[in-house]
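User: Hi, I have a new model open and would like to go through it with you. Can we take it a bit at a time?

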Amino acid sequence: AFIQYRTGAAGEVVEETYETVYHPGDTNLQSAQLLTLRPGTELQGIDISLVAGRHPAVRIRGVVIDDQGLPAATTASVRAVPKVSGPANVAPTATTDSNGRFEIIGVTRGEYTLVAENTVGRLNHYAVQVVNVGDSNIEGVRLLPKLGLAVPVRIMLDGRTVEGYSV
C-alpha cells in the first residue's frame, strides 16, 4: 500500500494512505459516475478531489502460532484481503519474523479477511480471521494455521479402484 508521511500540527509524524476515489469524489464504487470520452473529444470542468480518499494508515499487528500456542517455527505470509472488491484492490501483505510476529501496514478502513499461510514439511497450513478496521491500529491478532481440509475419497477408473493418488 502507498503510505505518505507528513508532519502534523504538533510536530508528530503522520502516516496516511489513500483509497481509490471515483468521480465525482467518493470512495464508494456504487456512487461513481461514468464519464464518456470518445476519441478526439475533450471533457472540461472535471475535477476529482483525492481528499475523500485520504485516511490514517492503520497497522495490523499480531503473531502466527503453532498448536502449542508458541510462535510458529516456520516463516508465514499474512495477507489482509479486503471484503469489498473494486477495480484497484490492494491486499497488504507481511512476512513473519523469527518470533512469528507480523505487521501489516497501510491498511484503510473496512472489513478484511486475514489469511496466514505457512509450510510445514511439504504441506501448506492456513489460518483465516475476519477483522474490521477503523481509524486505529489493531493489536494482538493471533493466527493458528491448520492443515487444509482432508476429504477421503475412493477413485474409480474404468470400474477399478485406483490407489496411491493424492489430490
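Analyst: Happy to! Let's begin with V107, which counts as buried because its relative accessibility is 0%. Buried means under 20% relative accessible area, exposed means over 50%, and partly exposed is in between (1.4 Å probe, protein chains only).

User: Before we go on, what kind of model is this?

Analyst: It is a predicted model, in which local features need pLDDT of at least 70 and side-chain atom pairs count only at pLDDT 80 or more, while totals for chains, interfaces and linings use all residues. Residues are numbered from 1 along each chain as its sequence is written, and side-chain values use heavy atoms, with hydrogens and water left out.

User: Thanks. Where is V107 placed?

Analyst: V107 belongs to strand β7. Strands here are DSSP runs (E, at least two residues), as are helices (H or I, at least four), and they are numbered from the N terminus. V107 is 5.0 Å from V58 in space, C-alpha to C-alpha, although the two are 49 residues apart in sequence.

User: What about N99, where does that sit?

Analyst: N99 is in the loop between β6 (93-95) and β7. It is partly exposed, with a relative accessible area of 36%.

User: OK, switching to charges. How many salt bridges does the structure hold?

Analyst: Nine. Each one is a side-chain nitrogen of Lys or Arg within 4 Å of a carboxyl oxygen of Asp or Glu. As background, side chains of opposite charge can pair when their charged atoms come close.

User: Which residue does R6 pair with?

Analyst: R6 pairs with E16, and their closest N and O atoms are 3.1 Å apart. That joins distant parts of the chain, since R6 is in strand β1 (residues 3-7) and E16 is in strand β2, 10 residues away.

User: Is E16 buried or exposed?

Analyst: E16 is buried, at 6% relative accessibility. R6 counts as partly exposed, because its value is 34%.

User: Which residues are linked with them in a network of salt bridges?

Analyst: The network connects E15, R59, R61, E103 and E139.

User: Nice. Now pockets: how much space lies in the largest one?

Analyst: About 590 Å³. A pocket is an open set of points on a 1 Å grid over the protein atoms alone, where a 1.4 Å probe fits, with protein on both sides within 12 Å along at least five of seven lines; lining residues have an atom within 4 Å of a point. The points are joined across faces, edges and corners, and the volume is the space filled by probe spheres set on them.

User: Which residues lie nearest its centre?

Analyst: Of the 27 lining residues, E19, T20, V84, N89 and T108 lie nearest the centre of the largest pocket. Strands β2, β7 (101-107) and β8 (110-120) each supply at least two residues of the lining, and the largest share, three residues, comes from β8.

User: How does the lining split by class?

Analyst: The lining of the largest pocket has 12 nonpolar, 11 polar and four charged residues. Nonpolar covers Ala, Val, Leu, Ile, Met, Phe, Trp, Tyr, Cys and Pro, charged covers Asp, Glu, Lys and Arg, and the others, Gly among them, count as polar.

User: Last one: which residues are joined by a cis peptide bond?

Analyst: H23 and P24, with omega at about 15 degrees. P24 lies in the loop between β2 and β3.
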